[in-house]
Amino acid sequence: MTEPTDSDAVAPLRRRLRFRSWHRGTREADLLLGGFADAVLDRFDADQLARYGELLENNDPDLWDWVTERLPVPPESDSDVLRLLIDYARSRGRA
């Protein structure tokens, strides 16, 4: 019997995060977060996946304001993952 790999261990988490990204409640958030999830989650390690899960705990208006830089990101929410999301939004013309 083979030992499960890291990717096998986090596969269910990736699926949950992708689902949560595409089912936010607003179409704008679905498109932004769902597209971002599709683009990057397969490359995230377990720690980044955890940070992304924490980021998804925020409400859509706050996330939108941070991504569009209408409001500063609170220090407790600032992370490499949020910065990647902001860069993703800029590259898609959403921020």
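A search of the whole structure turns up 1 cavity of 30 Å³ or more. Keep in mind as you look around that this is a predicted model.

**The cavity**
- The largest cavity holds about 30 Å³ of space.
- Its lining is made up of A29, L32, L33, D60, L63 and W64.
- At least two of the lining residues come from α2, and at least two from α4.

**Helix α4 (60-67)**
- D60, L63, D65, W66 and V67 are the buried residues here, and the buried residues of α4 pack against α2, α3 and α5.
- At the start of α4, N59 places a side-chain oxygen within 2.9 Å of the backbone nitrogen of D62.
- Just past the helix, E69 has a positive phi of about 60°.

**Helix α5 (residues 80-91)**
- With 12 residues at 1.5 Å each, α5 should span 16 Å, and the 16 Å between its end C-alpha atoms agrees with that.
- Buried in this helix are V81, L82, L85, I86, Y88 and A89.
- Looking down the axis of α5, you will find its buried residues within an arc of 160°, so they line one face of the helix.
- In an α-helix, residues three or four places apart point the same way, because there are 3.6 residues a turn.
- The buried residues of α5 pack against α2 (27-40), α3 (46-55) and α4.
- Just after α5, G93 adopts a positive phi of about 75°.

Notes: Residues numbered from 1 in each chain as written. Predicted model: local features only at pLDDT ≥ 70, side-chain atom pairs only at ≥ 80, totals over all residues. Heavy atoms only, no water. Helix = DSSP H or I, 4+ residues; strand = E, 2+ residues; numbered from the N terminus. Expected span 1.5 Å × (residues − 1). Buried < 20%, exposed > 50% of the residue type's maximum accessible area, 1.4 Å probe, protein only. Arc of directions from axis to C-beta. Contact = heavy atoms within 4.5 Å. Polar contact = N/O pair within 3.5 Å; in protein donor to acceptor, adjacent residues only side chain to side chain. 1 Å grid on protein atoms, 1.4 Å probe; cavity = no way out; pocket = protein on both sides within 12 Å on 5 of 7 lines; lining within 4 Å. Points joined across faces, edges and corners; volume = space filled by probe spheres on them.
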